[in-house]
Amino acid sequence: MSTHTVTAQSCANIAFIKYWGNRDHELRIPSNGSISMNLGGLYTHTRVTFDPGLRCDELVLDGQIQAGAPLERVSAMLDRVRRLAGLAYNASVQSSNNFPMGVGIASSASAFAALSLAASRAADLALDEAGLSRLARTGSGSACRSVPGGFVEWRAGNRHEDSYAYSLAPPEHWALVDCVAIVSREHKSTGSSEGHPLAYTSPFQTARVDDAPRRLGICRQAILDRDFDALADIVELDNNLMHGVIMTSSPRILYWQPATLTVMHAVTRWRTEGLPVCYTIDAGPNVHVICRAPFASEVAERLKTLPGIEAILTATPGGPAQIINED
Ligand code: PMV
């Protein structure tokens, strides 16, 4: 094959209905389906070249040469691409995030979506959106949701073939804004890959998973109807259910910091006062404050006045993973 270099771009995403726990850890088949919004403007750029001259895979992340676990995780993804393409060459991978390093925004979703697209195209594989989403899922579950654009649902499925994400609505369907309140830049103590296997040690996980189809139905409909009140209610309920599981697993994990709770209380108060806003938190202390676009600057201003907020990033619904350069 001819070697060429492909650069892909993919957005981070925020889950409205969360993925926590796997039915199959190896393949990252989730215990429940999930729904998210791509975060436009918060993205990873990844450049891949398969090169017969390389003695091993190479990974440069935000300008730093990587070894150990990050390189192994990327190599495992490259192995899947090599197997699919019948290719033996090693690859050089350069990846960078446009959101500030160490800001606590999960980058694995955008990273593995961009890597799957760049690597599969560089290996001359023609995968459709579902095929790409399945491939991205094997690197990081939530990455499958960063492949399609806009508002996205990941159908849990039972096996590799039927576990992938698709678009519920394009980015322009609903002008929402995610104001991410950064309360800590520290690297999280327990990553989601270590957290998922603990999910069923919580007595709450079975109840959370059993009720997931109901929450997915409400969230899907709220998005289709652009019904913010219904969305806010189900997003916060789903968030609290996931963190309830996380806080009661064995060992227990507590991702929230005091400032996380400060934001949760403030958002609850603001909504009671009539501001269309709700909170959701991933596997870390930062709070994603979701609102309707006309209220975004007011929400950001109010967040700035709260104690313990280090920075605020804002994102509007983002598009699908895409190739941005090929040579
Ligand atoms: O894709 P992972 O393994 O990083 O897991 C993501 C887990 C959450 O961010 C907490 C929830 C989600 O659905 O994105």
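Student: Is C179 buried or exposed?
Tutor: Buried, with a relative accessible area of 0%. Keep in mind that this is a predicted model.

Student: How far is the sulfur of C179 from the closest cysteine sulfur?
Tutor: The distance is 4.4 Å, and the partner sulfur sits in C291.

Student: Switching to charges. How many salt bridges are there?
Tutor: The structure holds 14. One of them pairs D282 with K18.

Student: How far apart are the closest N and O atoms in D282 and K18?
Tutor: They are 2.8 Å apart.

Student: Where do D282 and K18 sit in the chain?
Tutor: Both are in loops. D282 is in the one between strand 11 (277-280) and strand 12 (287-292). K18 is in the one between strand 1 (5-17) and strand 2 (22-24). The pair therefore ties together parts that are 264 residues apart in sequence.

Student: Buried or exposed, what about K18?
Tutor: K18 counts as buried, at 1% relative accessibility.

Student: What about R159, which residue does it meet in a salt bridge?
Tutor: E161, at 3.4 Å from N to O. R159 has 49% relative accessibility and counts as partly exposed. E161, at 42%, also counts as partly exposed.

Student: Next one. What does R215 pair with?
Tutor: R215 forms a salt bridge with D211, and the closest N and O atoms are 2.9 Å apart. R215 counts as buried, at 0% relative accessibility. D211 counts as partly exposed, at 22%.

Student: Which residues of helix 6 are buried?
Tutor: A212, R215, L216, C219, A222 and I223. They cover an arc of only 130° around the axis, so they lie on the same side of helix 6.

Student: What do those buried residues pack against?
Tutor: Several elements. The strands are strand 1, strand 4 (34-51), strand 8 (151-155) and strand 9 (164-169). The helices are helix 5 (205-210) and helix 7 (228-247).

Student: How many residues does helix 6 have, and what span does it reach?
Tutor: Helix 6 covers residues 212-225, which is 14 residues. From its first C-alpha to its last it reaches 20 Å. That is close to the 20 Å expected at 1.5 Å a residue.

Student: What follows helix 6?
Tutor: R226 does, and its phi is positive, near 50°.

Student: Zooming out, how is the chain divided?
Tutor: Into domain 1 (5-173) and domain 2 (176-317). Their C-alpha centres lie 23 Å apart.

Student: How many residues does each domain give to the contact?
Tutor: Domain 1 gives 33 residues, and domain 2 gives 44 residues.

Conventions. Residues are numbered from 1 along each chain as its sequence is written. This is a predicted model: local features need pLDDT of at least 70, side-chain atom pairs count only at pLDDT 80 or more; totals for chains, interfaces and linings use all residues. Side-chain values use heavy atoms; hydrogens and water are left out. A salt bridge is a side-chain nitrogen of Lys or Arg within 4 Å of a carboxyl oxygen of Asp or Glu. Helices (H or I, at least four residues) and strands (E, at least two) are DSSP runs, numbered from the N terminus. Buried means under 20% relative accessible area, exposed over 50%, partly exposed in between (1.4 Å probe, protein chains only). A disulfide is a pair of cysteine sulfur atoms within 2.5 Å. The expected span of a helix is 1.5 Å times one less than its number of residues. The arc is that of the directions from the helix axis to the C-beta atoms. Contact means heavy atoms within 4.5 Å. Domain bounds come from an automatic or database domain assignment.
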